[in-house]
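Keep the model open as you read.

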Amino acid sequence: MQISPRCALAIGGVLVGCCSGGVFLELLVKLDPGIGNLVTAAQFAFIALEGLIFTSRLGQAQRKISLRDYALLVAMFFLTSVCNNYVFEFKVSMTLHMIIRGGSLISNMCLGTIILKKSRDLPGHSNGETGATEADVWRWLVGVALLVLALFVSSYMGITQELLYRRHGKCAREALYYTHLLPLPAFLLMHDNIRTHWRLACEGETYTLPLLGVAVPLILLYLLGNVLTQHLCISSVYALTTECSSLTVTLIITLRKFISLVFSIVYFRNPFTIYHWLGSVMVFVGTLMFADVPRLPGSRRAEPLKRD
């Protein structure tokens, strides 16, 4: 299967931007586990501002998709973004966070088969988690439930994007802009939490910038790094959705998550049991088998997914 230059560039952006964003997110969570809402709000605000200037041209550009059609997509994107960043408040470890989110390929396959009549065979995976303290077990379960909810909503969101692009054509930059602009008022509901963690960030450990000699809160530096790399990540994902089906996009993202998982274990020395490894290896092997990398003897190559 030939890969177009635009597709290759988008894949590179996903791998570099999303992996780097994951590193900055883990650095942030280690300093302040409850910073999720501040991170999400900062990401949405930055991407919406960039889109207002370069995509919307300060409101002068004409939309290809109506706001009514964007409504469901916006609601799902806001829900998944908030849930994925807020679960650290419920003592969910970064490794478990990555493994559960790595299951997006499975959930996308299930929903895609129902909605888009897709029929690829795909191996699954399992995951494990070390025990939490008894006092926090229910809080931890709430965090896991939020991750699972976000997992399936995210998969359905990818299918919704694919259907929108089939009807209206490729408009990834526009979709990126409106899915970040329209939910901004909803962050007012979280203003107390966001203000609290902004204050904690400003009062925390500082880092002196080389050459400038200016002391800057370390969390704010990590937050800036996360916002910039997340912009590269999400814009590359949206570009990829215009070049590939939602299931193929999920395949690339799943591979990226496995890379981030391995880096997190090695660099941050996060605890990892044999059950974690088993689940992770099954995700990775399933990804390769879906991509038809290991050509098994006698196997038949699957038909490419049809898309407009």
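Leu261 counts as buried because its relative accessibility is 5% (buried means under 20% relative accessible area, exposed over 50%, partly exposed in between, with a 1.4 Å probe and protein chains only). Leu261 lies in helix H10; helices (H or I, at least four residues) and strands (E, at least two) are DSSP runs, numbered from the N terminus. Gly22 is 239 residues from Leu261 in sequence, yet the two C-alpha atoms are 9.2 Å apart in space.

This is a predicted model, in which local features need pLDDT of at least 70 and side-chain atom pairs count only at pLDDT 80 or more, while totals for chains, interfaces and linings use all residues. Residues are numbered from 1 along each chain as its sequence is written, and side-chain values use heavy atoms, with hydrogens and water left out.

Now the overall fold. The chain has eleven helices and two strands. Along the sequence they run α-α-α-α-α-α-α-α-β-β-α-α-α. The chain holds 308 residues, and 48% of them count as buried. Contact here means heavy atoms within 4.5 Å. Take the contacts between residues at least 6 apart in sequence: 83% of these join residues at least 24 apart.

Phe46 gives one such view across the sequence. This residue is found in helix H2. Phe46 is partly exposed, because its relative accessible area is 32%. Its contacts, leaving aside neighbours within four places in sequence, are Val227, Leu228 and His231. Phe46 and Leu228 are 182 residues apart in sequence, but 8.4 Å apart in space, C-alpha to C-alpha.

Turn to H3. Its 20 residues should span 28 Å at 1.5 Å a residue, and its end C-alpha atoms are 27 Å apart, so the two agree (the expected span is 1.5 Å times one less than the number of residues). There is also a kink of about 25 degrees, centred on Leu73; the bend at a residue is the angle between axes fitted to the seven residues ending there and the seven starting there. Buried residues of H3 include Tyr70, Leu73, Met76 and Asn84. Their cover includes H1, H2, H4, H6, helix H7 (172–181) and H9.

What does Thr160 touch, leaving aside its neighbours within four places in sequence? Thr160 is in contact with Leu73 and Met76. Thr160 is found in helix H6 and counts as buried because its relative accessibility is 12%.

H4 is mostly covered, with seven of its eight residues buried. Among them are Met94, His97 and Ile100.

A search of the whole structure finds three cavities of 30 Å³ or more. On a 1 Å grid over the protein atoms alone, a cavity is a set of points where a 1.4 Å probe fits but cannot get out, and lining residues have an atom within 4 Å of a point. The largest cavity has about 830 Å³ of space; a volume is the space filled by probe spheres set on the points, which are joined across faces, edges and corners. Its lining has 43 residues, and Asn84, Arg101, Gln230, Arg256 and Lys257 lie nearest its centre. Helices that each supply at least two lining residues include H1 (5–31), H3 (67–86) and H10 (246–267). H6 gives the most, with eight residues. The lining divides into 18 nonpolar, 22 polar and three charged residues (Ala, Val, Leu, Ile, Met, Phe, Trp, Tyr, Cys and Pro count as nonpolar, Asp, Glu, Lys and Arg as charged, and the others, Gly among them, as polar).

How values were computed. 1 Å grid on protein atoms, 1.4 Å probe; cavity = no way out; pocket = protein on both sides within 12 Å on 5 of 7 lines; lining within 4 Å.
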